[in-house]
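Me: I have a model open here and would like to understand the words used to describe it. Could you take me through a few of them?

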Amino acid sequence: MVGMTSPKTAETTASRPAPVVPDDAAQARRRHAELSAVIEEQRWNYYVLDDPTMTDGQFDRLMRQLEELESAWPELVGPDSPTQRVGPPPGASLAAVRHPSVMLSLDNAFDYDEVEAWNQRLVHLVGQPAVAQSGFLCEAKIDGLAVDLVYQDGRLVQAATRGDGRVGEDVTANVWTIAAVPRRLSGGPDGLIEIRGEVFLPLAGFHQLNRQLEEAGRKTFANPRNAAAGSLRLKDPQLTAERPLTFLCHGLGLGSVPAERLSQVYQRLRDWGLPTSPETRPAQDVEQVLAWVEELGRRRHQLSHEIDGAVVKVDQLDLQARLGATIRAPRWAIAYKFPPVEVITKLLDIRVNVGRTGRVTPYAVMEPVQVAGSTVEMATLHNAAEVERKGVLIGDSVVLRKAGDVIPEVLGPVLADRDGSQRAFVMPDHCPDCGHQLRPERAGDADLRCPNQRACPAQVRQRLVHLASRAALDIEGLGERAAQALLADGVLSDEGGLFDLTAESLLGCALFRNLDGSLSAVGAKLLEQLEQAKTKPFERFLIGLSIRHLGKGVAPQVAAALGGVEALAQASVERLTEIEGVGPIVAEAVVEWFAVDWHRRIVDRWRAAGALAGPAPREEAELPQTLAGLSIVVTGALPGVSRDQAAAAIVARGGKVTGAVSRRTDLVVAGDNPGTKLAKAEALGRPVLGAAAWAELLEQGPAALIDSDQP
């Protein structure tokens, strides 16, 4: 198990007979330290991670041993003793802590000539033969937050941010929640050792976090680096544990590793259970260094996390020692910084878009421009306050970048290019689609919304498109153009009539009519897809209902817990919050949605048309309930099975599919590229089943875990 005490270890420690209280003071101090460490870890697992790894009785026996020891040796009683505290600290205090050794920065190079010049300085200091014999180690420069991990006798005792290099912020409590950071090193050294590395958010985790924040109506992060820094500095480590942070190490501070080269040190770190970057490459000379840097630059947008350059280090450790450091950076390393992915283009206009929940969002319309490998001509501006904050005017030359190298973002204007022809954007006070007066949902909200949810053409159109999206009912023939045409021609007035469409009614829409007046192949295909959509799992309809805050992350849990739309419509806030992953905001949104009469009429029309019926009881009974009562997480790609098909197969056999790994998870099925959920499962000690045993799991249930493949 990575990063925490295994149940077997805890059982062994707690159940052995209580030793006789040592007569020797040194032995008593050692025993006190051992007991205190185990007790504090178990308190952390219980109170913060909500995942105890020993029984209450086992924990109580440890406490009794500690109390007896302190009774015999009163000088061991201190304010930090577990006997003097009722539990762990409530959260990270972000107190200042001093690093055992200084955390230096890196000198930067911004072009290849500067890397060549750095190499020449090395040759000047130690000679060409020494540099040639050593060679270099190149690695990707992760755009995250530098941290210093202090391990004492293999146990993580302190984690801190870089700070000023000498004193950083204490983030130990939060780093303990990161699955990639082991709480104990596997076969690690005795004594103290500092591990330096980077805490960051993978791009997938960053976008997932921003979606969750947006669904909750909270401010999103501009980029993964800010998201990682903010998540690591949260006062409540339970909140940090919910963020998909991870970690890669890139060096040492105080302490030594028996090795001659840094590349050998990295291998030793991996042996101890510490992750290092897979984007690491040895190079014999500066020409190989630059070739690899160029290759990395071409691949940077294909990586799973953001990087802002490459780091080049002298590989031989004794040569590093000879070269030493300046007051701020080692002489034996340099960071090559990739040029920022920013371009300048013309802001042609600022328009507004009305979303499916009524939110009115300004967006920039620009002269098309290539940035980070794709053509961009539009970018969101979020709200009127954001437009004002950025200070952009229509007609400005603006600086554009891709936030996280993915999302287009307008950074600001090029003031030197202004000639007086620019004009300010004025946020409309009425909906551009239906004319209703816009208003904030609550006093003080920056966002304006159109209150005409029932009949605003833009909102109805966007709800139809969302209902047909892959995450919901996956109706390929119902895109933006089709939705617009059906509404404009009066064939549909809202999504309630979607499953009532017939060949005759579609002939009323020019888009689906041939020149001779017959139904087009596109229209026939849409009708076929609508029939297929009627039988989609309940959770897919949940996503398609456009209930605010109820997205694909929590829909499977709600569907599994309630089973059908009747139970959902009658559920109270209290009942909904009993479901894993459902908080008060989601629960209240569901109850409020079903309190609206025209919402209920939409569901009634769907059911009358044969949708939302769920699987026939006969079909359910035919399948053995091999997974009855089990909470299962599926992560990664299973061969020949989509994620939705896997979820349906589990539910059909009595199991429950959840989106997040927790201590309540009974089993994790890990396919190819499982991501952070596999690491979380390993950290929490949840059973993991490999993709090759998928069929056996459905047939045999938990018995498939025996002698199964492990990822």
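Reply: Gladly! Arg 463, Leu 467, Glu 495, Gly 544, Leu 545, Trp 593, Ile 602 and Trp 606 line the second largest cavity. This is a predicted model, where local features need pLDDT of at least 70, side-chain atom pairs count only at pLDDT 80 or more, and totals for chains, interfaces and linings use all residues. Residues are numbered from 1 along each chain as its sequence is written, and side-chain values use heavy atoms, with hydrogens and water left out.

Me: What makes a space a cavity, and what makes a space a pocket?

Reply: Both are sets of points on a 1 Å grid over the protein atoms alone: in a cavity a 1.4 Å probe fits but cannot get out, whereas a pocket is an open set with protein on both sides within 12 Å along at least five of seven lines. Lining residues have an atom within 4 Å of a point. The structure holds 2 cavities of 30 Å³ or more, and the second largest cavity has a volume of about 40 Å³.

Me: How are the residues lining the second largest cavity divided by class?

Reply: There are 5 nonpolar, 1 polar and 2 charged residues. Ala, Val, Leu, Ile, Met, Phe, Trp, Tyr, Cys and Pro count as nonpolar, Asp, Glu, Lys and Arg as charged, and the others, Gly among them, as polar.

Me: Which residues lie nearest the centre of the second largest pocket?

Reply: Leu 104, Arg 196, His 250, Leu 252 and Trp 332 do, out of 46 lining residues. That pocket holds about 1,200 Å³ of space, a volume being the space filled by probe spheres set on the points, with grid points joined across faces, edges and corners. Its lining has 21 nonpolar, 13 polar and 12 charged residues. Strand β3 gives the most, with 4 residues; strands are DSSP runs of E, at least two residues, numbered from the N terminus.

Me: Why is β11 called largely enclosed?

Reply: Because 4 of its 5 residues are buried, β11 is largely enclosed by the rest of the structure. Buried means under 20% relative accessible area (1.4 Å probe, protein chains only).

Me: How do you know which strands pair with β11?

Reply: Two strands pair if DSSP finds at least two bridges between them. β2 and β11 have 2 bridges, in the parallel sense, and β10 and β11 have 5, in the antiparallel sense, so both pairs meet the definition. Ala 109 is bridged to Tyr 336 of β11, and Val 312 to Ile 334 of β11.

Methods: Buried means under 20% relative accessible area, exposed over 50%, partly exposed in between (1.4 Å probe, protein chains only).
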